[in-house]
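Dear colleague,

Please find below the structure that I am handing over to you. My notes on what was found in it follow directly after.

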Amino acid sequence: MSGETVFGDPVFGDPVLPGFRPDPSVCRVGADYYLVTSSFEWFPGLPVFHSRDLVNWRRIGSALDRASQLDLDGCEPSRGLFAPTIRHHDGVFHLVCTLMDGPGHFVVTATDPAGPWSEPHWLDGEGFDPSLFFDDGPEDGPDDGDGDGDGEGDGRAWFTAARVVDEAAGRTEIWMREYLPRERRLTGPEHVLWSGSHPGARWSEAPHLYRTGGSYLLLTAEGGTDVDHSVVAARADRVTGPYEGAPGNPVLPPAKGPVTCTGHADLVRTPNGDWRAVLLGVRPGSALGRETFLSRITWDAGWPVFSPVVHTGLRRPVHDDFATLSADWSSLRTPRERFWTTGDGLRLQLRPERLGERTTPSLLARPQEQPVCDVSTELHFTPAAPDEQAGLAVVLDDDTHLLFLRTAEGLSLHRGAEVLAGVPVPPGPIRLGVRIRGFSHTFAHAAPDGAWQDLTTVEATFLTPLFTSIQLGLYATSNGVPSTSQAHFTWFDITYPSPSPLDPPDRP
């Protein structure tokens with residue numbers, strides 16, 4: 001995205017990262033902010049963003065962009081990479097995350113957040129939502145008024161994570177061990193810091209530690225990543241505890257406004273000493289899932305106070321003619337061979353793999369960022385065999401998607417194995433499009449110089465996300481049969497209707 005600005009007092013145009021951008025973590029180095037989010041079963045893993053004002057973000061790469069770093073073979077939907085944390089220490093960026101259903105926690109490092117990042121260093125311990133805390137600088141945050149001034153940390157680093165104690169009851173606890181930054185490993189005894197703000201607390205997770213006002217501040221999420229999601233805070237005089245909860249917990253209660261499910265917050269201090277939080281939230285009634293929002297932080301008796309999270313609707317039109325493959329495109333799981341070429345549009349190799357299997361099909365996709373948008377592409381493809389298909393994909397996961405495909409019989413719209421609609425079309429290039437209005441998806445087609453013709457409308461409430469969210473993509477398959485064919489997409493657009501370019505001429 002263009003238009004980065006020098007740091008000032010940001011305009012809170014939320015979400016600051018719309019679409020599939022859950023579990024944000026942020027750090028600042030000088031005037032520069034760096035942010036990462038979860039990526040689950042999508043590759044490359046752990047997108048990295050840069051900003052100067054916390055509002056305008058540009059993707060600069062991914063922490064895991066090589067097959068040697070990330071094995072997602074057979075990964076189930078909504079598994080894979082959970083909840084990273086990024087921190088900067090002594091000239092090095094440290095990023096911790098958890099590969100679920102894999103070896104577990106790991107850390108990767110880099111001197112440049114745009115990469116390259118190291119191979120993973122695997123860390124001991126159970127659970128998910130790992131974080132790092134470097135206790136080596138002056139105290140941050142509001143003065144507690146005790147006259148002690150700002151002190152220095154002892155130079156040690158700490159790793160925290162959440163783990164399940166009783167899954168049926170949603171009972172978890174936050175644990176910690178010392179982290180050795182140069183050796184990239186954990187050492188010493190384990191400390192249990194927290195198990196929730198009250199005896200019946202559910203899903204205490206997403207721990208982050210900070211030094212504020214002469215004490216240590218522990219921030220966690222609680223209630224599960226749904227409508228009961230909240231942020232709680234606790235403090236201790238020693239980093240290992242014991243921690244005492246804020247009297248007003250949760251410090252960010254479950255949201256009931258235009259943005260819900262808010263939580264999983266990470267704090268950052270601006271160059272002028274103010275505080276902000278990045279956190280996830282959901283716009284109800286859409287298929288966008290968990291997005292990254294921004295909140296202003298003030299302090300009351302040493303406890304963080306979150307400003308309300310609102311939504312003002314960023315709109316980022318996309319036109320991609322595939323001179324290269326931008327960092328915004330992802331594949332399902334780890335590709336073991338390159339199945340695309342760019343430079344003359346995008347050419348996808350038809351391969352036997354297909355959506356609906358736990359493989360890496362010939363699919364490239366990018367997040368849907370707004371609940372109302374128009375998506376279109378131009379396809380040059382003539383099936384050479386009955387099993388060859390290519391076209392436009394609206395994908396939640398392997399099992400839940402809509403495919404608008406050119407086949408040997410013409411055009412057909414698929415939900416899994418079910419064909420919802422079809423129409424014969426003449427040979428030659430064709431434009432494919434979908435008008436998305438919340439969960440309503442109207443699929444249309446046109447000759448390159450012709451008018452759009454609607455095929456059908458699908459009320460796709462089955463695309464409701466859990467952890468991931470909707471990806472819009474381009475897809476090609478030979479459905480289990482070897483093929484040498486390619487599907488050629490000359491461009492790909494996402495626009496916003498005023499009125500929609502895909503609307504019929506008589507539509508207001």
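**The cavity**

The largest cavity has a volume of about 90 Å³. On a 1 Å grid over the protein atoms alone, a cavity is a set of points where a 1.4 Å probe fits but cannot get out, whereas a pocket is an open set with protein on both sides within 12 Å along at least five of seven lines; lining residues have an atom within 4 Å of a point. Grid points are joined across faces, edges and corners, and a volume is the space filled by probe spheres set on the points.

Please note that this is a predicted model, in which local features need pLDDT of at least 70 and side-chain atom pairs count only at pLDDT 80 or more, while totals for chains, interfaces and linings use all residues. Residues are numbered from 1 along each chain as its sequence is written, and side-chain values use heavy atoms, with hydrogens and water left out.

The structure holds one cavity of 30 Å³ or more. Among the residues that line the largest cavity are F20, R21, W42, D328 and Q471. By class, this lining has five nonpolar, four polar and three charged residues (Ala, Val, Leu, Ile, Met, Phe, Trp, Tyr, Cys and Pro count as nonpolar, Asp, Glu, Lys and Arg as charged, and the others, Gly among them, as polar).

The volume of the largest pocket is about 740 Å³. Its lining comprises 34 residues, and G224, T225, R290, L466 and F467 are the closest to its centre. In the lining of this pocket, 16 residues are nonpolar, ten polar and eight charged. Strand β18 gives the most to the lining, with three residues (strands are DSSP runs of E, at least two residues, and helices runs of H or I, at least four, numbered from the N terminus).

T260 lies in strand β18. This residue counts as buried because its relative accessibility is 12%, buried being under 20% relative accessible area, exposed over 50% and partly exposed in between (1.4 Å probe, protein chains only). Beyond its neighbours within four places in sequence, T260 is in contact (heavy atoms within 4.5 Å) with A255, G281, V282 and P284.

**The chain as a whole**

The chain has zero helices and 36 strands. Of its 508 residues, 60% count as buried. The C-alpha trace spans about 80 × 45 × 45 Å along its principal axes.

Yours sincerely
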